[in-house]
Amino acid sequence: MHLDKQPDSKASAKATIPLPLAQPPAAKALDSSATNPYEAAREALLRDGYVILPASLFPSIDLPALRTAATRLTHKARTGEWPYIRTLPKQFPPWPQDPADGIWGVQHLLHPSNPDASTFAKSYFDAELVRCVSTLVGCAEDELCMELYNMLVRPDRDFSLRWHRDDVPATATPDEEIARLAKPGRHAQWNLALADDESLVLVPGSHKRARTATERDADPYQEHLPGQITVKLQAGEVAFYDNNILHRGVYSCERERMTLHGSMGTGGQRARNVLQHGVGEWVGGCDFTALEEGCQGRAEGMRDRLVVLGSGSGDVGFFAEGE
């Protein structure tokens with residue numbers, strides 16, 4: 001679902017949403033004249049499992065500054081100066097810290113050793129973004145916990161992820177899938193594109209049901225599943241999606257990619273998803289004093305809640321260590 005924020009005008013009451021041939025009938029035009037566009041986004045996310053929000057909803061996010069910081073950190077990652085990377089061809093953590101075989105992601109944008117951490121923090125703790133997340137999650141802003149902020153980049157060779165759900169193993173039975181999908185997610189996950197991006201492929205509505213027989217029997221890297229769509233983002237757009245929607249990534253080494261991949265949540269059930277990335281090892285050292293007062297307060301509160309989450313969770317292990 002693509003939500004367009006319309007200018008203040010009585011002449012335009014609805015957003016026009018292009019419907020790709022592969023998109024199911026459930027993806028309808030969304031009325032953007034609602035008082036709170038984030039409530040409309042929540043409805044779309046619950047129904048379809050994803051929603052695209054325009055850059056105009058996040059006017060304080062500084063794309064040029066983020067592109068500069070992203071370019072600098074990606075260069076360090078490719079040359080071995082930044083050890084927190086997603087290396088080819090491994091899909092899930094833990095990843096080797098040697099970029100010799102190429103990378104497809106850069107981890108820990110908010111790490112205190114990153115000279116550009118404050119630039120990324122301004123976007124992660126942005127007032128409108130946090131307001132949006134709290135609406136999507138259904139909690140107060142001061143309940144949100146800092147989670148992950150990483151970056152997905154152009155791979156050094158063509159690379160794709162298998163079809164998966166982030167927190168439901170492929171070995172789950174239909175009954176196990178339904179039981180897990182019925183639990184409230186208590187988090188929001190998003191992609192903020194700093195350059196045009198069309199790498200995320202998903203099956204709308206699959207976050208609410210078990211896999212079909214066709215999906216279950218398909219090759220994990222099968223190029224097409226019935227009803228799949230490609231989420232096409234223009235620079236500045238933000239795609240929120242349910243992390244348990246059936247999805248994969250398809251990445252071209254010939255197309256620049258610079259997409260910030262973040263999550264926020266609330267509740268102890270998020271411990272493994274978050275802490276398996278190693279964020280608990282350094283979050284206590286984050287210094288947000290360079291942020292403006294309101295942003296600093298949000299950042300420090302969310303950081304402190306992550307510290308508490310990490311201190312009480314013990315060894316959480318990995319979701320899919322061998323893959």
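Trainee: Where is the place of Pro94?
Mentor: Pro94 sits in the loop between β2 and β3. Keep in mind that this is a predicted model.

Trainee: What is the peptide bond from Pro93 to Pro94, cis or trans?
Mentor: That bond is cis, with omega near 5 degrees. The loop between β2 and β3 also holds Pro89, and the peptide bond from Leu88 to Pro89 is cis too, with omega near -5 degrees.

Trainee: Let's go to α2. How do you know what span is expected for this helix?
Mentor: Helix α2 covers residues 63–78, which is 16 residues. The expected span is 1.5 Å times one less than the number of residues, and for α2 that is given as 22 Å. From first C-alpha to last, the helix reaches 22 Å, so value and expectation are close.

Trainee: Which residues of α2 are buried?
Mentor: Leu63, Leu66, Ala69, Ala70, Leu73, Thr74 and Ala77. The cut-off for that word is under 20% relative accessible area.

Trainee: What makes you say that the buried residues line one face of α2?
Mentor: Look down the axis of α2: the buried residues fall within an arc of 135 degrees, so they line one face. In general, an α-helix has 3.6 residues a turn, so residues three or four places apart point the same way. On the other side of α2, Pro64 and His75 are exposed, a label that needs over 50%.

Trainee: And what covers the buried residues of α2?
Mentor: The cover includes strands β2, β3, β4, β6 and β11, along with helix α3.

Trainee: Which residue has a positive phi although it is not a glycine?
Mentor: His108, at about 60 degrees. His108 lies in the loop between β3 and α3.

Trainee: Why is His108 called buried?
Mentor: Its relative accessibility is 6%. The cut-off is under 20%, so His108 counts as buried. His108 is also one of the residues that line the second largest cavity, together with others including Glu147, Tyr149 and Trp282.

Trainee: Now Ser206, in the loop between β7 and α6. How do you know whether Ser206 is buried or exposed?
Mentor: The relative accessible area of Ser206 is 0%. Buried means under 20%, so Ser206 is buried.

Trainee: What does the side chain of Ser206 reach?
Mentor: Its side chain reaches the backbone nitrogen of Leu246 at 2.9 Å. A polar atom of the Ser206 side chain also lies 2.6 Å from the backbone oxygen of Val203. With the limit at 3.5 Å, both distances pass as polar contacts. Leaving out residues up to four places away in sequence, Ser206 touches Arg165, Leu181, Asn244, Ile245 and Leu246.

Trainee: How much of the chain as a whole is buried?
Mentor: Buried residues make up 52% of the 323 residues. The secondary structure comes to 8 helices and 11 strands.

Notes: Residues numbered from 1 in each chain as written. Predicted model: local features only at pLDDT ≥ 70, side-chain atom pairs only at ≥ 80, totals over all residues. Heavy atoms only, no water. Helix = DSSP H or I, 4+ residues; strand = E, 2+ residues; numbered from the N terminus. Buried < 20%, exposed > 50% of the residue type's maximum accessible area, 1.4 Å probe, protein only. Arc of directions from axis to C-beta. Contact = heavy atoms within 4.5 Å. 1 Å grid on protein atoms, 1.4 Å probe; cavity = no way out; pocket = protein on both sides within 12 Å on 5 of 7 lines; lining within 4 Å. Polar contact = N/O pair within 3.5 Å; in protein donor to acceptor, adjacent residues only side chain to side chain.
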